[in-house]
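Subject: Structure handover and notes

Dear colleague,

I am passing on the structure below, together with some notes for someone who comes to it without any background. Please have it open while you read.

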Amino acid sequence: DNLVIKNDTADKDIILKADNGSGTATAYLTLDGSATNMKADTDMIFADNKALMLGTGGDAFFKHDGSNFSFINDVGNVTFTNRTDDGDIVFQSDDGSGGVATYFKVDPASEATTFLKRIYLPDNVKVQLGNSSDLHIYHDGSNSYIQDVGSGDLKITSSGASVSIQKGLAENMARFLTDGAVELYHDNAKKFETTATGISVTGAVASTSATGA
């Protein structure tokens, strides 16, 4: 037969108490008849590989195997929701020095996902932008690519003084100055420049043209 612990009094509780370590009986678990829920009044410890299972069929569960913690869901989507106005969802981990650091967070106050550490993507894993993945940015192990594979133009814009194409951080290859010149370089030496009246060339100009008979 089953053992049934029952309280038929309306809106009353079943309270499991034990010593609190200081000689006083304290509630550890309360079955709340008025709130119709169960309340754990102290910490609960699950042994290694024993799961906290959720759902009628135990479709999702938390567990620790003694080395690692796992949250596993077997049915449907997994949704993380923070309903606090302007409250963040923060992802933290070890900072490599024994402390804890935030790696990224969902920041509703700024309506952005903010990354506070570098993002690493292995070779051939693309950043794809646009509803139809129109822009691809990636490295294939040998070369780096910025590919516009969708509709429209590929535009590089700046609100600053210039747009520069460089080797490293010190050697210019081309510079596009706001409201000014376009400059082209050879081995970091400027050789070609547009001006308000035309062009300026440093060095010799070589021209190759085909001649007909």
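Is N188 buried, partly exposed or exposed? N188 is partly exposed, because its relative accessible area is 36%, where buried means under 20%, exposed means over 50%, and partly exposed is what lies in between (1.4 Å probe, protein chains only). N188 sits in the loop between β15 (182-186) and β16 (189-194), and has a positive phi of about 70° although it is not a glycine.

Before going further, please note that this is a predicted model, in which local features need pLDDT of at least 70 and side-chain atom pairs count only at pLDDT 80 or more, while totals for chains, interfaces and linings use all residues. Residues are numbered from 1 along each chain as its sequence is written, and side-chain values use heavy atoms, with hydrogens and water left out.

Overall form

The chain has 17 strands and 0 helices; both are DSSP runs numbered from the N terminus, helices being H or I of at least four residues and strands E of at least two. Along its principal axes the C-alpha trace spans about 110 × 40 × 35 Å. The radius of gyration of the chain is 33 Å, whereas a compact globule of 213 residues would have one near 17 Å, with the radius taken over C-alpha atoms and the globule rule being 2.2 Å times the number of residues to the power 0.38. Buried residues make up 8% of the 213 residues.

The nonpolar patch and the aromatic rings

M44, F46, L52, L54, F62, F69, F71, V78 and F80 form a nonpolar patch on the surface, with about 890 Å² of accessible area together. Such patches are made of residues with over 30% relative accessible area and no salt bridge, nonpolar side chains (Val, Leu, Ile, Met, Phe, Trp, Tyr) being joined within 5 Å and like charges within 9 Å, and the areas come from the Shrake-Rupley method with a 1.4 Å probe, where for residues only the protein chains shown count as cover. The elements that give two or more residues to this patch are β4 (52-54) and β6 (69-73). F80, by contrast, lies in the loop between β6 and β7 (89-94), and counts as exposed because its relative accessibility is 61%.

The structure holds 5 aromatic pairs, where rings of Phe, Tyr and Trp (its six-membered ring) pair if their centres lie within 6.5 Å, and planes under 30 degrees apart count as stacked, over 60 as edge-to-face and the rest as tilted. One of them is the stacked pair of F62 and F69, at 6.1 Å centre to centre with 25° between the planes. F62 is partly exposed at 31% relative accessible area, while F69 is exposed at 53%. Another stacked pair is made by Y138 and Y145, at 5.0 Å centre to centre with 20° between the planes; here Y138 is buried, because its relative accessibility is 14%, and Y145 is partly exposed at 27%. F62, F69 and F71 form one aromatic cluster.

Two tyrosine rings also carry a lysine charge: the charged end of K126 sits over the ring of Y138, 4.7 Å from its centre, and that of K117 sits over the ring of Y103, 5.9 Å from its centre. The criterion is that NZ of Lys or CZ of Arg is within 6 Å of the ring centre and within 35 degrees of the ring normal.

Salt bridges

A search of the whole structure finds 6 salt bridges, each being a side-chain nitrogen of Lys or Arg within 4 Å of a carboxyl oxygen of Asp or Glu. R175, E183, K190 and E193 are linked in a network of them. E183 is buried, because its relative accessible area is 5%, whereas R175 is partly exposed at 22% and K190 is partly exposed at 32%. Elsewhere, the side chains of K39 and D41 form a salt bridge (3.7 Å, N to O).

Two loop positions

T36 lies in the loop between β2 (25-32) and β3 (37-40), and its phi is near 50°, a positive value in a residue other than glycine. G141 is in the loop between β11 (135-139) and β12 (144-148); G141 and N124 are 17 residues apart in sequence and 7.3 Å apart in space, C-alpha to C-alpha.

With kind regards
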